[in-house]
Amino acid sequence: MSAEPHLPELGADPSREYRLGIMGGTFDPIHYGHLVTAEQAREALALDLVLFMPAGVPAFKQGAGVTDAEDRYAMTLLATAANPAFDASRFEIDREGVTYTIDTLRALRAHYPDNVRLFFITGADAILDLLTWHDAASMAELATFIAATRPGYDIEQARARVSASNVPFDVRYIEIPALAISSTNIRERVSAGKSARYLTSESVIGYIRKNGLYNSRIVERVDGAASPDRR
Ligand code: ATP
Ligand code: MG
């Protein structure tokens, strides 16, 4: 086992298989769509643990004003804390520069013994990016993929494209309770002073407000009184 910081121990008993789920994302912020996806994937595929891994500098979002990695990590930690089968990982945010999923999967594969099987969890939108990902063939060798339904995205289209591709991806499709929640919508709501309650955990909402993320600072009214504490 090579030394890698910030990865949980797994694989101690050589006589059994361990199933590790990896939930990647920008998590800006993490919300109930992510949590339901991970929980249903954990149950459907009997995963021992799901690692939530906020991306360091997502290749596709560079320069687009992604929130500081420490804040995204802190919110991920808060939202996952109560579930013993969930863990938040600093693995990608502590790496410099662009993060490619293939690099993470390679590092995890090198780190864990062979009795730890890797499962990469995505929503129906992200699974389609699989085909265009860097080095898709190696990725298919390293992990089993779990694609969850997501409102607004066609999982059947994803399935058709995956099976038409030359890359032998092992993808498990799961139907999960539909939550039409996105981080983009939460950011927009918060900056417009609208409520984000029940779209993500109270702890995450509290963190957003306390740290003034997404322009959530209470706006002083002209008369000097603070505007109501809208969530
Ligand atoms: P943004 O709007 O900033 O793109 P997002 O809500 O799409 O944010 P990401 O961090 O981009 O969240 O997504 C991480 C992973 O979670 C992706 O695999 C994505 O498909 C999945 N995901 C996000 N929201 C949902 C949801 N509501 N239902 C199912 N899967 C989801
Ligand atoms: Mg997204």
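Start by selecting R159 and Y173: in this predicted model, R159 sits over the face of Y173, 4.4 Å from the ring centre. Next, select R90 and Y73. R90 likewise lies over the face of Y73, here at 5.0 Å from the ring centre.

Now turn to ring–ring pairs. A search of the whole structure gives four aromatic pairs. Select F27 and F52, which form a tilted pair with 6.0 Å from centre to centre and 45° between the planes. This pair links distant parts of the chain: F27 is in the loop between β1 and α1 (32-44), F52 is in strand β2, and they are 25 residues apart. F27 counts as buried because its relative accessibility is 1%. F52, at 0% relative accessibility, also counts as buried.

Move on to F120 and F145. Their rings form an edge-to-face pair, 6.0 Å centre to centre with 65° between the planes. F120 belongs to strand β6 and F145 to strand β7, so the pair ties together parts that are 25 residues apart in sequence. Both F120 and F145 are buried.

Last, select helix α3, residues 101-111, and show its side chains. Its buried residues are T101, I102, T104, L105, A107, L108 and H111. What do the buried residues of α3 pack against? Colour these elements to see the surroundings: strands β1 (18-25), β2 (49-54), β5 (98-99), β6 (116-123) and β7 (144-148), together with helix α5 (136-142). Two of these strands have already come up on the tour: β6 holds F120 and β7 holds F145.

Notes. Residues are numbered from 1 along each chain as its sequence is written. Chains are lettered from A and ligands numbered from 1 in the order in which they are written. This is a predicted model: local features need pLDDT of at least 70, side-chain atom pairs count only at pLDDT 80 or more; totals for chains, interfaces and linings use all residues. Side-chain values use heavy atoms; hydrogens and water are left out. Buried means under 20% relative accessible area, exposed over 50%, partly exposed in between (1.4 Å probe, protein chains only). Helices (H or I, at least four residues) and strands (E, at least two) are DSSP runs, numbered from the N terminus. Contact means heavy atoms within 4.5 Å. Rings of Phe, Tyr and Trp (its six-membered ring) pair if their centres lie within 6.5 Å; planes under 30 degrees apart count as stacked, over 60 as edge-to-face and the rest as tilted. A charge sits over a ring if NZ of Lys or CZ of Arg is within 6 Å of the ring centre and within 35 degrees of the ring normal.
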